[in-house]
Amino acid sequence: MADRQTLTESGSGGELPGAGAETAPDLPFGAPIGAEAARESAREATATAAVAAASAAAVRRGGRFRGLLPRRSGKLVTGLVIVGAITLFGLLGPLIAQPPRDSNNPALLPPGPEHWLGTTKLGYDVFSQLAYGTQGSLFIGLVAGLVALVLGGLFGVFAGYFGGIADEVLTLITNIVLVIPGLPVVMVIAAYVQNADGLGPLARSSLLVALVLGITSWAGSAVVLRAQARSLRTREYVAAARVAGERPARIIFVEILPNLVPLLAAQFIFGVILAVLGEAGLSYLGLGPTGSITLGTMLNDAQTGQAVGTGAWWWFVPPGAIIAALGAGLSLINFAIDEVVNPKLRLAPENAKRQRKATKAGKGVADTGAFA
Amino acid sequence: MSFYLRRVAFYLVTFWAAISLNFLLPRLLPGDPAAIMLGKLRRANAGRPLSEETVQAITAILGAEKGTSLWDQYLAYWGRLLQGDLGVSSTRYPAPVAELISAALPWTIVLVGTATVISFVLGIVVGAWVGWRRGTWLDHLVPVTTVFQSIPYFWLALVLVAVFSVQLGIFPIIGGYDVFEFPGGPEWSWAFLGSAVWHAVLPATTIVLSSIGGWLLGMRNMMVSTMSEDFIVTAEAKGLTPRRIRTKYASRNAAIPSLAGFGIALGFVVAGSIVMEQVFSYPGIGKLMIQAVQGLDYALMQGVFLVITLTVLAANFVMDLIYGFIDPRVRHNG
């Protein structure tokens, strides 16, 4: 799901606003369309100039990336708060909760003062399981997200930068991986690997699950990164660096990668969401890690323990709710990044809102038509 | 024309890659699935020795004894596939894998197909409207949809079952049809069709609810981007009615990337519905896959994986051809 969304959003190839984005002239309201166009062209001009100047000088100043940071908006703050709270819960929760596999409690207790989220069929404390499970899921999400980011970056940036035969081959591989459905591949690989001898304790560890999820989910970000790298390659400052005799590795890491930072961040966040969801599905089917507790293994326990049939909602609702909240929080952060990558997403609604306000204030602006 | 040739070539290569991946996975990953599978089949056959034919089929699919070259194995594998022979299942011995798949496939295709189309159309229509009314309270719908999008399919299914089946008792809990009313299996009658539709309501709702957010959001964002293009300004200046601008100018162009994403999304929907079918015990291809994986029925697992991959490839291929027809630019830029 998430991959398609990035494709449609970032595929439109928005310009990266550079360090000069804030200096665009604040045109008075009047002709919204013209103003927007002027503002945009001004922004693009200053952006290109600023990035080019910064790169050509190759000076590392503190403020260089300020234009690449998302603006502080409601979405960003909400997302950060949700993700921060869940992360804190995953880190600190296990310290205060009782051991997650302590079965010295009454079974299937509903939520109460003694056990905040009740107990499972085996008498495990759900709150404690949830804390450990959040930690486990976050670990898998981060590792898999990193693996996917590195692979996607390698395939996408190299294909986009080098072009020609290398591009054809790398893009072909990317597209093949993209169309082959992910979860079935993960299930098949997991089924083989987890039942092999010789891997020892690694065979059903969360590290292996994370690696499998990462290796199968990088293609979407490779497509997005390739498109952006291709467009960056044709900029003047990259051409200048090439003419100056810079090595390709240096051009990629010094000139191109810094401008991909917002996209890379967005792709990493999507990778984490995808991996957390993927782990949940995999574990729910009984293919998850056996040694550690994750949100997915909790759901699997709830399934085998007939939680739905017996009405023990406190057993299966919290893990899913944490996953949904984590995914929503990360997506909100991604929206903020998206508005940096594609300024139209931020400007157009703001302009439309301004026009409507002006109409209400009786400034003689038409209140019908496409822009009202 | 070269656009179509390129697309056909790409899908031929992908088709070959998918089948080769299917060939290589059991051979390159650690473990000896062929030996495990033959052991399982022997037990299923009550200890009697297996027929030479069965053993050959399994070794062709999952890996021969040491000594046979990989290339010979590869040829034997293709030979089996071209005959439509996917081996014998051990969990449902002695049913052939191909037969099990062809019985399960229609359930999934009808359910997932219908639900995906409903979700796509709804998402595009609502997304176009929300994008059109950008800057109003409707923008707050965007964060709400992300919550739905981040909910795991199967968890939503669990919650729906808990509320509508266990608590309220409106919908059936599991299955694709009423097995007590129709003990003889699926049949062509209105009563059976009604039972099947009734059983499909919750699974379909699950798919629609958890996939609509992506469509809505993608369409809304494209609509917002498209609305600031010059040709929209021109249309407005010409004095065209807003309705005409919305439907004929903005929506049509904004929907193009969503259409391109449709094929890729199908893969995710199929994947998501695997876990969903487990929740509902729906007699589709996902349930079969789960049975195979849990019972270490490697022949069945390989077969189902192949069929899922090829179905998604075929859907993507069709979407690509349609896309080339809708958007002439991709035909010319290749």
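Where in chain B is the place of Asp85(B)? In this predicted model, Asp85(B) lies in the loop that runs between α4 (70–82) and α5 (97–132) of chain B. Asp85(B) has 18 other C-beta atoms within 10 Å and is therefore partly exposed, since a residue counts as buried at 20 or more such atoms and as exposed at 12 or fewer. When neighbours within four places in sequence are left aside, the contacts of Asp85(B) are with Ala57(B) and Arg80(B). A further aspartate, Asp178(B), is 93 residues away along the chain, and the C-alpha atoms of Asp85(B) and Asp178(B) are 32 Å apart.

For chain B, an unreviewed UniProt entry lists residues 9–29, 104–132, 153–177, 197–217, 254–280 and 300–326 under "transmembrane region". Two of these annotated segments were examined in the model. Residues 197–217 of chain B are 100% helix and 0% strand, with 29 Å between the end C-alpha atoms. Residues 300–326 of chain B are likewise 100% helix and 0% strand, and here the end C-alpha atoms are separated by 39 Å.

The interface between the two chains involves 67 residues of chain B in contact with 68 residues of chain A. On the chain B side, two or more residues each are given by α1 (2–28), α6 (141–150), α7 (153–167), α8 (190–227), α9 (230–237), α10 (242–280), α11 (285–294) and α12 (298–326) of chain B. The largest share of this side, 14 residues, is supplied by α10(B). In terms of residue class, the side of chain B that touches chain A comprises 45 nonpolar, 19 polar and three charged residues.

Confidence was then considered for chain A. The mean pLDDT of chain A is 76, and 77% of its residues reach 70 or more. Among the elements of chain A, the lowest mean pLDDT, 37, belongs to helix α1 (residues 2–10), whereas the highest, 92, belongs to helix α4 (residues 126–162). Over residues 1–62 of chain A, pLDDT stays under 50; for this stretch the model has 111 contacts beyond four places in sequence.

A helix pair in chain A was also characterised. The axes of helix α6 (residues 182–194) and helix α7 (residues 206–215) of chain A come within 10 Å and cross at roughly 145 degrees, and the crossing of α6(A) and α7(A) is right-handed. From α6(A), Val186(A), Ile189(A), Ala190(A) and Val193(A) meet Leu208(A), Val212(A) and Leu213(A) of α7(A). The contact of α6(A) with α7(A) consists of seven nonpolar residues, with no polar and no charged ones.

Methods. Residues are numbered from 1 along each chain as its sequence is written. Chains are lettered from A and ligands numbered from 1 in the order in which they are written. This is a predicted model: local features need pLDDT of at least 70, side-chain atom pairs count only at pLDDT 80 or more; totals for chains, interfaces and linings use all residues. UniProt positions are given in the numbering used here, feature names are shortened, and annotations may be inferred rather than shown by experiment. Helices (H or I, at least four residues) and strands (E, at least two) are DSSP runs, numbered from the N terminus. pLDDT is the predictor's confidence in each residue, from 0 to 100. Two residues are in contact if their C-beta atoms, placed from the backbone, lie within 7 Å. Ala, Val, Leu, Ile, Met, Phe, Trp, Tyr, Cys and Pro count as nonpolar, Asp, Glu, Lys and Arg as charged, and the others, Gly among them, as polar. Axes are lines fitted to C-alpha atoms, for helices over the stretch in contact, and angles run from 0 to 180 degrees between N-to-C directions. A crossing is left-handed if the near helix is turned anticlockwise from the far one by less than a right angle, and right-handed if clockwise.
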